[in-house]
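Me: I am new to this structure and would like a close look at one part of it. Please keep the answer plain.
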Amino acid sequence: MIWKLSRGSKYVQELFQELLHELERGETVAMATIVRRKGSVPREVGAKMLVHRGGRISGTVGGGCGEAEVWRAALNVIDTQRPSTVQVDLTEEIAMESQGVCGGIFDVFIQPWHDTLLPGQPGTRDYALAIQQALEGERAIVSITVVAAVGSWRSHVGRHMLVHEDGNTIGSLELPAIAQSSLTTQLVESAHRAISSGKPHIEKISGPENAWAEFFVEPFLPPPVLLIAGAGHIAAPLAAIAHLMRYSVSVTDDRASFASRERFPDAKRLLVGDIEETLRHYPITPRTHIVLVTRAHAHDVQGLRAIIDSPAAYIGMIGSQRRVWAVFKLLHEAGVPTEKLLRVRAPIGLDLGGSTPEEIALCIMAEITMLRYGGSGVAMSGSLRSRYQERLKRLEQDWGS
């Protein structure tokens, strides 16, 4: 798992808010992050723990004796204001504790955060604020930190830069005897790969005279977005289910009485206005899932025309086969290529057999979930039923003998 708003990373925002608060007070805190793991360990790469000078912690890198070791090292990092890496070995712990379930090894990089400036670089508060603002604005951002280095690059351990989804950077990593533009280009490309994969990784770069550095490339991704066009009877349960699934929900309709806070209490955005214009100007990203559940054929045509070239992860449209074909035919005659129309999931949803607004909403979110994670949509018990049946028959035969 990585730090995503869709999987508890509202907590990540809170962690950086806490970090900002401490920096504004002039305090030094230590951020411990798992950067590498091998075997069975309790937390994922990217898991974080914030340690305060007095010993208070927020977050966890796994608990137990391993976390206590990291905690002690973090207090030392606060005192020295120098970064450090701790390797936690749980293989001995599992041998000694019969209740243990983890037996792997993981590396934790501990970074001191204090509001000081390096020449030509933003302050640490600027980095923390940029991450928090990106997540709040539903934009991806990548942190790149030097976590290990040797030779002439050793003094650069702990330095970092940020890369926005559009390629813009905050700060820079200037290493001796290597072209700055080439290094930045390589790191920006690595950041984009991290955004695409949704996973943090370590990038190793070699330099002259046996120098090398390892960069921890860590994407912070906002939650997936569900953009619902049309605020009718299906939209309300659809928004509610998506909210439960940790989606950021936006609803647009040209009727203020429908796109209201009373009907959509958990929606992040309620956008009242012309549906086509709203869709055309909405900041659609590869994490946006768009559902057209409008009340009229004309809105479907206009809405699809506005989003068909977008990078949306999913476009679905409700309607009968006849209505869907009518929309496709009109858009194709207007010049929309076949391959673009075929990316639209219509009629929308998996066939679960339900017909109420709530059941249709479930069908829609089931399809979005299936496509998002590469599922099959097939019942998990299906392939096992015959196997279970055979085993149960054998049991019955054994009992009868």
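How many aromatic pairs does a search of the whole structure find?

Reply: The model is a predicted one. A search of the whole structure finds one aromatic pair. Its members are phenylalanine 16 and phenylalanine 220, with ring centres 5.6 Å apart and planes at 85 degrees to each other. That angle is over 60 degrees, so the pair counts as edge-to-face. Phenylalanine 16 belongs to helix H1, residues 10-24, and phenylalanine 220 to strand E10, residues 212-220, so the contact ties together parts 204 residues apart in sequence.

Strand E10 can be followed back from phenylalanine 220. Strand E10 covers residues 212-220, and at tryptophan 212 the charged end of lysine 204 sits over the ring, 4.4 Å from the ring centre. Strand E9 spans 201-206, and the loop between E9 and E10 holds glutamate 209 as well as asparagine 210. Neither residue is glycine, yet each has a positive phi: near 55 degrees for glutamate 209 and near 65 degrees for asparagine 210.

Elsewhere, another charge lies over a ring: arginine 255 is over the face of phenylalanine 258, at 3.7 Å from the ring centre.

Key: Residues numbered from 1 in each chain as written. Predicted model: local features only at pLDDT ≥ 70, side-chain atom pairs only at ≥ 80, totals over all residues. Heavy atoms only, no water. Phe/Tyr/Trp six-rings, centres within 6.5 Å; stacked < 30°, edge-to-face > 60°. Helix = DSSP H or I, 4+ residues; strand = E, 2+ residues; numbered from the N terminus. Lys NZ or Arg CZ within 6 Å of the ring centre and 35° of its normal.
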